[in-house]
Amino acid sequence: MWGHVMSDEKKPVRKKLKAASEASRFMANYYHELDAASQKGQPKIAWCTSVGPAEILRALGFLVYFPETHAAMLGATRMSTELIPEANALGYSPDICSYLTADIGAFLRGVTPLSRIYKGIEAIPKPDVLVFNTNQCRDVQDWFAWYGKKFDAPVLGIYTHRNVGKITEAHVASIAKQMQELIEPLEKVSGRSFDLDRLKRVVALSRACSELWRNVLETASAKPSPLTFFDGTTLMGPAVVGRGTREAVDVYKILLAELNDRIKDKEGAIEDERFRIYWDGMPVWGRLRAHSDLFSGLKASVLASTYCNSWIFSALDENDPFNSMARAYTELFIVRSDDEKETYIKKMLELFKVDGVIYHDAKTCPNNTNCRYGMPQRLEQQTGLPSLTINADLNDMRMISDEQTQTNVEAFIEQLEENQT
Amino acid sequence: MKSKPCYAGVDVGASRTKVAILDTSKNLIGHAVKKSGTDFTATADACLILALKMAGKKKSDIKNTVSTGYGRKNVSFARDTKTEIGCHAKGCFLYFPFATTIIDIGGQDNKVIKLDRSGKRTGFKMNRKCAAGTGAFLEEMAMRLDVSLEEMNGLASQSKNMIKLGSFCTVFSATEVLENIRQGKNLPDIVKGVYYSMIKRVLEMDALTEKVVMTGGVVAHNAFMVKMTEEMIGRKILVPDYPQLTGAIGAALYAMQNKP
């Protein structure tokens, strides 16, 4: 080597939150409880979509399992890409949801990340009933139908409204009615009678969890941000699978206190935060660490996201459980019109004081991809904030060029840097 | 007598490695281009030696070096790295100091970069995962047509009745080419169709606002493609003297700007 030497860049790293171990402990207990129930046949187990009617299921005494979370774990453990082709060969296209294809592929291969992570667990819990809400997408319906046949278990569903602008009473009433109609068949499976007071208590806990989760996420509006999107994607576990339980509420109380301490001490989640980034779209589960390192190495804190915000259900009201659940699950970003989505993201960009936006165009997840109909261009014009779209996927790593992602992200941060000076 | 200092920019692209040496007045005094191959470090070293020879300079005259391109982290003598997007922007602004939309067609990727009148980037796009519209596409098609890359520009310019290739995908496009060969279509018409397909892929990446500049190795060796693009967009296109070196020149400008 001669002449100049390349400088040894010091890569700032994301600092670990102590409360992360509380969330991990919660998840371990949650999966062990499900596993024990699956083996004993009691309590009954309901499978539920991530924003399905978990409160109703808990009120009827079911333990609730969320295949989407399992699929995200397949992605995060980088098992998914090898498993997706199994489902492709069955006729599930590589172009549809890679949660579905990875999850069915794992079942066909007889593997699960649960057995890697949690000692003693060998398989996913068997469903007594499967309940979906198409608010995530139509794919969840096909996904649950496949397992319903495999396990000979009933499949029930709520069919959402889509492209919702202003939410009307008619929207709410129609979803509330569908929820009420689930009660009778669910009572048959659970062997228990529906108890409205119990539902109210669950809804109250769900709301408490949601409020704490919102407060957790909003700490990222502080400068420097005490939290990143990459922390959020794993810390959200209890908000997804545990809403309606006291234990999930307790986890977020501890986490919130730690984040508020960080704010008080002006301690950022990454060292030397220079750029604040909003992430729209799904995480790239198999690249969480790589992306976290990429951004923190460039002193860019990806601190807020549409995705993590999607488990905030502020409409939940224990005094009016069915209508408020119907409203909460219809206020959801994913089912709203583009106008509403645009207004929402604009509000978030202001709240979190961001310098730029990353849109993830996820090949197999059109419902969580918001950059295909000109939204980045419209928002750039309205806010003056630059954006970058990266082409990738949530679980299918065959859809990714890491080199291109890296160059795009580096060039984007260079652009922010040059425009700051 | 002590020689005047100079600045080096190294652009290690997926296909070719380029080195540019600038004097303190930003004049291009030396340059070299070599196939990148598999040992980026060795190729960059070899290019630097050639470029220094052309400039009449010694390694010790180089005040600072910046590297860019896919292999930017493999250049042992560079003090810093910048992305090729930043470097192409900077290199172009040296020659065209006004608001521009830059189209760079490289060996493995295409870029559309937008600069405001002060040279600041307002946005950029790279091609998606697919190689259609890049130099790699041209190489694949040349192989299918059994012609050398150097022959393509001359062939395309002879076309009287261009055939159109419709597919996004390089493999599907190759199938379309084979179909046209089977139908006995003229080689120049097929080659022009290949150019047309590449330009279409690039034009759909972003809207061309402002004055349009084209750069990159593909542009350097296929001047007819620039003429075709002008006809397709109905506007004059600006091309720097050394379109393949724009990234390396931009890297040298960064080296000058951020000198230690």
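Let's start with one salt bridge. B:Arg121 pairs with A:Glu414 across the two chains, and the closest N and O atoms are 3.1 Å apart. Keep in mind that this is a predicted model.

How many salt bridges are there between chain B and chain A? Four. Polar contacts next. Nine residue pairs are in polar contact between chain B and chain A, both partners at pLDDT 80 or more.

Which elements of chain B supply two or more residues to the side that touches chain A? Two helices and two strands: H1 (40-55), E4 (62-68), H2 (84-95) and E8 (121-126). E8(B) gives the largest share, six residues. By class, that side of chain B has 14 charged, 10 nonpolar and nine polar residues.

Now the interface as a whole. On the chain B side, 33 residues are in contact; on the chain A side, 26. The size of an interface is often quoted as the accessible area lost when the parts come together. Here chain B and chain A bury about 2,600 Å² between them. Carbon and sulfur atoms account for 47% of that area.

Stepping back, the whole structure holds 35 salt bridges over all chains. Here is one inside chain A. A:Arg109 and A:Glu86 meet through their side chains, N to O at 2.5 Å. What does this pair link? Distant parts of the chain: A:Arg109 sits in helix H5 (residues 98-109) of chain A, and A:Glu86 in helix H4 (residues 80-89) of chain A, 23 residues apart.

Those helices also pack. A packed helix pair is described by the angle between the axes and the distance between them. For H4(A) and H5(A), the angle is about 85 degrees and the axes are 7 Å apart. Angles of 65 to 115 degrees count as roughly perpendicular, so H4(A) is roughly perpendicular to H5(A).

Who makes the contact? The contact of H4(A) with H5(A) has seven nonpolar, five polar and three charged residues.

Helix H4 (residues 149-157) of chain B and helix H6 (residues 187-203) of chain B have axes that come within 8 Å. They cross at roughly 105 degrees. That makes H4(B) roughly perpendicular to H6(B).

On the H4(B) side, the contact is made by B:Met152, B:Asn153, B:Leu155 and B:Ala156. On the H6(B) side, B:Leu187, B:Pro188, B:Val191, B:Lys192 and B:Tyr195 take part. What classes are these residues? Seven are nonpolar, one is polar and one is charged.

Last, some backbone details in chain A. The peptide bond joining A:Gln42 and A:Pro43 is cis, with omega about -15 degrees. Where is A:Pro43 found? In the loop between helix H1 (20-40) and strand E1 (45-48) of chain A.

There is also a cis bond from A:Lys223 to A:Pro224, omega near -5 degrees. A:Pro224 lies in a loop too, between helix H9 (196-218) and helix H10 (229-235) of chain A.

And one phi value. A:Lys353 has phi near 50 degrees, positive in a residue other than glycine. The loop that holds A:Lys353 runs between helix H16 (338-351) and strand E7 (356-362) of chain A.

Note on methods:
Residues numbered from 1 in each chain as written. Chains lettered and ligands numbered in written order. Predicted model: local features only at pLDDT ≥ 70, side-chain atom pairs only at ≥ 80, totals over all residues. Heavy atoms only, no water. Contact = heavy atoms within 4.5 Å. Buried area = accessible area lost by both parts, 1.4 Å probe. Polar contact = N/O pair within 3.5 Å; in protein donor to acceptor, adjacent residues only side chain to side chain. Helix = DSSP H or I, 4+ residues; strand = E, 2+ residues; numbered from the N terminus. Nonpolar A, V, L, I, M, F, W, Y, C, P; charged D, E, K, R; others polar. Axes fitted to C-alpha atoms, helices over the stretch in contact; angles between N-to-C directions. Parallel < 35°, antiparallel > 145°, perpendicular 65-115°, else oblique.
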